[in-house]
Amino acid sequence: SCSTDYVCQSGQGSIRRGRTWQEECHAVDSFRWWHVNTAAQHLKKHWDAWILFATGCLNSTTADTAAGKIASTILSLTSEPKIKCDLLFICAYSKTFFTKHMEWLQGHDEKAGDFGYLT
């Protein structure tokens, strides 16, 4: 699943501490979900603000500009009940499964002086 990641292509990139590119791919894949979780939680919390923002953007330009197309797409997607349902599912699943693991990975151990490893 990580063959398209820049870190993994041809086994080069930002490989750390002698890790193989396969190990690095796994790390990249794991952290991708942290970003999905963070974005989903933000969107859930600020759903109405995004709708207001997109409406303001669309009202300040025409629908045939890049900004207008993006704003129109945001409004179209946020008007779909299934999208909101999917968002709530992602948030609930992430909170149950990923959050405690990702918070641990992003934690800093003072003794080890590193992230994710507790001595």
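The model is predicted, so local features need pLDDT of at least 70 and side-chain atom pairs count only at pLDDT 80 or more, while totals for chains, interfaces and linings use all residues. Residues are numbered from 1 along each chain as its sequence is written, and side-chain values use heavy atoms, with hydrogens and water left out.

Begin by selecting residues 66–78, which form helix H3; helices (H or I, at least four residues) are DSSP runs numbered from the N terminus.

Within H3, next pick out Gly68, Ala71 and Thr78, which are buried (under 20% relative accessible area, with exposed over 50% and partly exposed in between, using a 1.4 Å probe and protein chains only). They cover an arc of only 105° around the axis, and therefore lie on the same side of H3. Turn to the face directed away from that buried side, and the exposed residues Ala66 and Ile70 are found there.

Finally, move to helix H4 (residues 81–106), where Asp86 and Lys82 are four residues apart, about one helical turn. Asp86 forms a salt bridge with Lys82, with the closest N and O atoms 3.0 Å apart (a side-chain nitrogen of Lys or Arg within 4 Å of a carboxyl oxygen of Asp or Glu). Asp86 is partly exposed at 32%, whereas Lys82 is exposed at 58%.

Terms used:
Helices (H or I, at least four residues) and strands (E, at least two) are DSSP runs, numbered from the N terminus. The arc is that of the directions from the helix axis to the C-beta atoms.
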